[in-house]
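Colleague: I would like to go through the terms used for this model, one at a time. Please set each value against its cut-off.

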Amino acid sequence: MPGTKEIRSKIASVKSTQKITKAMQMVATSKMRRAQERMKLARPYADKIRAVIGHLNEANPDYRHPFLVAREPKSIGIILISTDRGLAGGLNANLFKQTLLLLREWQEKGATVSLCLIGSKGLVFFRRLGLPILANVSGLGDKPHVKDLIGAVKVMLDAYRDAKIDRLFLVNAQFVNTMTQKPHVEQLLPVETVDAADLAEHWDYIYEPEAAAILDGLLMRYIESQVYRGAVENVASEMAARMVAMGAASDNAGELISELQLVYNKARQAAITKELAEIVGGAAAV
């Protein structure tokens with residue numbers, strides 16, 4: 001059995017760790033609320049523009065934008081949004097697993113895969129696989145801005161325009177609730193039809209001044225809104241996962257402290273008993 005001094009040192013160490021995990025839990029809880037607010041503000045716009053763009057496949061404009069034209073998928077691109085920091089439970093591991101499944105699915109079909117990585121954890125993980133990384137960005141913080149994402153996204157859009165990739169997917173963590181965050185895969189390009197059954201048989205949008213200028217700007221805003229929504233959802237998911245993980249770590253530290261305290265009490269009692277036995281033995285000898 002270890003000595004009482006060693007056990008006291010272990011207890012102090014675990015208590016120090018518990019203070020850190022509790023502090024991180026409180027910080028994550030506070031940041032999660034603000035992240036949820038940003039996520040709720042981003043969702044309505046992203047959903048509405050997704051519906052509008054999805055209807056364009058059923059329209060008949062004079063100008064057919066490249067983002068609406070489906071090609072044979074010989075090469076695909078994946079935009080993966082991960083976190084910059086760890087200690088978020090299995091959030092990143094689940095994202096990487098889903099991305100690998102998507103990656104292998106298309107590789108089995110004979111397609112090549114290129115990546116755009118948002119977040120340092122994704123960059124560290126996928127750099128080891130030797131896949132082409134067309135763009136990456138990290139250090140977005142807890143409040144991602146569209147301007148920080150535009151550069152990396154534009155690289156993927158240019159690759160799609162130049163037919164270097166024929167499909168573009170977005171993978172991010174979807175915030176369901178505080179306890180549940182799941183990987184979400186969405187095809188960004190080519191744009192998929194949305195709610196075609198609800199559309200009238202003969203209809204179209206009226207473009208002013210011309211379809212080309214409007215669609216170029218509108219489709220860029222669409223991609224940016226989807227990636228931005230994915231980024232803010234990922235932040236909310238990260239904070240929720242970290243809050244839960246740090247709460248579990250604090251609870252485990254408390255249980256470990258209780259166990260160590262019990263061992264310490266037993267060791268201390270054994271030491272006292274030994275000292276008493278030595279005193280009694282010495283007195284008897286005299």
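Colleague: Which residues are linked in a network of salt bridges?

Modeller: Lys31, Arg85 and Asp142 form that network. This is a predicted model, in which local features need pLDDT of at least 70 and side-chain atom pairs count only at pLDDT 80 or more, while totals for chains, interfaces and linings use all residues. Residues are numbered from 1 along each chain as its sequence is written, and side-chain values use heavy atoms, with hydrogens and water left out.

Colleague: What makes Lys31 and Asp142 a salt bridge?

Modeller: The term requires a side-chain nitrogen of Lys or Arg within 4 Å of a carboxyl oxygen of Asp or Glu. The closest N and O atoms of Lys31 and Asp142 are 2.8 Å apart, so the pair meets the definition. Lys31 belongs to helix α1 (residues 4–55), and Asp142 to the loop between β3 (133–137) and α4 (146–161), 111 residues apart. Helices (H or I, at least four residues) and strands (E, at least two) are DSSP runs, numbered from the N terminus. The whole structure has eleven salt bridges.

Colleague: What makes the nonpolar surface patch?

Modeller: Ile272, Leu276 and Ile279 make the patch, about 280 Å² in area. Patch residues have over 30% relative accessible area and no salt bridge; like charges are joined within 9 Å, nonpolar side chains (Val, Leu, Ile, Met, Phe, Trp, Tyr) within 5 Å. Accessible areas come from the Shrake-Rupley method with a 1.4 Å probe, and for residues only the protein chains shown count as cover. Ile272, in helix α5 (residues 211–285), has 33% and so counts as partly exposed.

Colleague: Why are β3 and β5 called edge strands?

Modeller: The open sheet has five strands in the order β3-β2-β1-β4-β5, with mixed pairing. Each of β3 and β5 (180–189) pairs on one side only. Two strands pair if DSSP finds at least two bridges between them. Ile118 stands opposite Val137 in β3. β1 and β2 are also parallel, over seven bridges, and Gly77 has Ser114 in β2 as its bridge partner.

Colleague: Why is β1 called largely enclosed by the rest of the structure?

Modeller: Seven of its seven residues are buried, so β1 is largely enclosed. Ser75, Gly77, Ile79 and Ile81 point one way from β1, and Ile76, Ile78 and Leu80 the other way. In a regular strand, side chains alternate between the two faces of the sheet.

Technical notes:
Buried means under 20% relative accessible area, exposed over 50%, partly exposed in between (1.4 Å probe, protein chains only).
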